Amino acid sequence: MNFRYSTLPWNIIFGVDSLQRLPVELKMLGRSRALVLTTPTQANIGQHVVEILQDSCVGLYDQAVMHVPAATASDASEVARSLNADCTVAIGGGSTTGLGKILALKADLDNIAIPTSYAGSEMTNIWGITDDGKKVIGRDDRVVPTLTIYDPVLTLSLPPKFAASSGLNAMAQEAVNVASLESNPIVNIMARDAVKALSKSLPRILEAPDDLDARELALYGACLAGGALGTGTTSLHHRLCHTFGGTFNTPHAETHTVLLAHSIAYNASAAKEGTAQLAEALGVDDAALGIYELARRLGAPTTLKQLGVLEADLDKAAAISVEAPISNPAPVTLERVRKLLDDAFHGRPPEIDKER
Ligand code: NAD
């Protein structure tokens with residue numbers, strides 16, 4: 001067995017009602033001028049955090065949006081500078097966490113993340129910013145949150161349908177790592193446990209949205225999944241998702257949901273062992289079909305068409321996706337990628353690779 005593993009500077013508090021620890025934790029970090037970040041739709045919960053922090057808070061910036069547009073990043077950075085903030089507290093999904101990460105990078109502000117979806121961004125050193133229709137991403141340990149507080153209570157308001165997509169988005173982080181050529185046994189432990197936690201909890205959430213135990217299990221799965229992405233690898237799947245998100249502005253979690261089964265099928269014969277491990281963690285015979293069926297069962301979108309993609313855009317999307325080299329178990333060819341996109345556009349079941 002050969003592998004290389006290096007961890008990230010994670011600092012995590014997980015548990016029901018852990019949001020209440022924020023003021024004391026902020027003090028322990030030596031910070032007293034927090035700028036709270038959130039999206040317009042979560043302004044209320046942002047305001048709640050402002051109230052919890054009292055004098056340790058200098059303001060609320062509630063304009064976070066998907067994929068961190070460069071203009072939003074400079075606007076938020078200017079607000080932080082004008083208020084003399086000494087840290088950010090990003091409460092929300094991956095869009096808000098992403099803004100906190102960019103401010104850590106560009107304005108050198110400690111970032112505290114309080115995730116309320118299953119994006120898992122808080123566990124990675126990956127930052128992203130979108131300018132002129134193209135998303136640029138990079139890795140830098142400075143964007144890993146100084147502290148992450150996971151409070152499952154905050155996820156109760158996540159609508160079950162979005163919980164399903166968001167959970168399948170999390171599952172992409174681990175699925176890609178298990179079914180990878182550079183499969184790493186330590187990352188795989190996190191990844192497989194995450195698959196189990198998410199595949200068990202998501203159907204329960206759909207059935208009973210107020211089931212706090214199920215919400216807790218899903219958030220735990222998302223934390224592990226983010227950890228697998230943070231210390232593991234990405235491949236064709238993430239390239240495709242970033243192409244659609246950055247160039248066609250499709251919703252992030254749903255894009256992952258639609259493409260994941262097809263991405264797994266694409267690599268199935270090149271990453272046989274990992275794909276089999278994935279199937280085992282899901283409790284199914286075929287990993288790609290298992291993910292496809294799970295998405296259907298959860299009522300998550302299964303076609304690119306549903307996300308507003310036009311059939312006429314598929315050629316362009318395929319070309320952008322293959323324009324730079326990608327590390328991927330199966331060779332990446334324009335023809336196969338175009339076929340994958342066609343299947344995903346129409347929502348056909350993933351094509352079972354006959355070589356297996
Ligand atoms: P999001 O953050 O855009 O959230 C979608 C909507 O749901 C927003 O309006 C948000 O305010 C709302 N929301 C979130 N949690 C809620 C809750 N508990 N209750 C009610 N509403 C809630 O979407 P997302 O899928 O969480 O994140 C997507 C973004 O994260 C993308 O920009 C993606 O690129 C990024 N991402 C980055 C990484 C990384 O490692 N850098 C990993 C995964 C995702």
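Colleague: Which residues make the nonpolar surface patch of about 350 Å²?

Modeller: This is a predicted model, in which local features need pLDDT of at least 70 and side-chain atom pairs count only at pLDDT 80 or more, while totals for chains, interfaces and linings use all residues. Residues are numbered from 1 along each chain as its sequence is written, and side-chain values use heavy atoms, with hydrogens and water left out. With areas computed by the Shrake-Rupley method with a 1.4 Å probe, where for residues only the protein chains shown count as cover, the patch is made by Met1, Phe3 and Ile186.

Colleague: Is phenylalanine 3 buried, partly exposed or exposed?

Modeller: Phenylalanine 3 is found in the segment before strand S1 (12-14), where strands (E, at least two residues) and helices (H or I, at least four) are DSSP runs numbered from the N terminus. Buried means under 20% relative accessible area and exposed over 50%, with partly exposed in between (1.4 Å probe, protein chains only). Because its relative accessibility is 41%, phenylalanine 3 counts as partly exposed.

Colleague: Which residues come nearest to the ligand?

Modeller: A residue is near a molecule if one of its heavy atoms lies within 4 Å of it. The shell around the ligand holds 25 residues, and by class these are eight nonpolar, 15 polar and two charged. Here Ala, Val, Leu, Ile, Met, Phe, Trp, Tyr, Cys and Pro count as nonpolar, Asp, Glu, Lys and Arg as charged, and the others, Gly among them, as polar. Those that come nearest are Thr39, Ser95, Ser117, Thr124 and Lys135.

Colleague: What share of the ligand's accessible area does the protein cover?

Modeller: The polar contacts (pairs of N or O atoms within 3.5 Å; within protein, one must be able to donate a hydrogen and the other to accept it, and residues adjacent in sequence count only if both atoms are side-chain atoms) include a polar side-chain atom of glutamine 42 at 2.7 Å from a ligand oxygen. From the backbone, an N or O atom of leucine 154 lies 3.0 Å from a ligand nitrogen, and a polar atom of leucine 158 is 3.5 Å from a nitrogen of the ligand. Of the 850 Å² of accessible area that the ligand has on its own, the protein covers 86%.

Colleague: Which element gives the largest share of the shell around the ligand?

Modeller: Helices H4 (94-106), H5 (160-178) and H9 (252-267) are the elements that give two or more residues to this shell. The largest share, three residues, comes from H4.

Colleague: Where does aspartate 108, with its positive phi, lie?

Modeller: Aspartate 108 has a phi of about 55 degrees although it is not a glycine. With a relative accessible area of 69%, aspartate 108 is exposed. Its place is the loop between H4 and strand S5 (110-115).

Colleague: How many residues apart in sequence are the parts tied together by aspartate 110 and arginine 31?

Modeller: The structure holds 12 salt bridges, one of which joins the side chains of aspartate 110 and arginine 31 at 3.0 Å, N to O. Aspartate 110 lies in strand S5 and arginine 31 in the loop between H1 and strand S2 (34-37), so the parts that the pair ties together are separated in sequence by 79 residues.

Colleague: Which residues are linked in a network of salt bridges?

Modeller: Aspartate 315 and arginine 338 meet in a salt bridge at 2.6 Å, N to O, which links helix H12 (residues 314-322) to helix H13 (residues 334-346), 23 residues apart. Aspartate 315 is exposed at 52% relative accessible area, whereas arginine 338 is partly exposed at 23%. The side chains of aspartate 342 and arginine 348 also meet in a salt bridge, at 3.1 Å, N to O. The network comprises Asp315, Arg338, Lys339, Asp342, Asp343, Arg348 and Glu351.

Colleague: What is the C-alpha to C-alpha distance between valine 322 and threonine 333?

Modeller: Valine 322 belongs to helix H12 and is partly exposed at 25% relative accessibility. Valine 322 and threonine 333 are 11 residues apart in sequence, and their C-alpha atoms are separated in space by 7.2 Å.

How values were computed: Patch = residues over 30% accessible without salt bridge, like charges linked within 9 Å, V, L, I, M, F, W, Y side chains within 5 Å. Salt bridge = Lys/Arg side-chain N within 4 Å of Asp/Glu carboxyl O.
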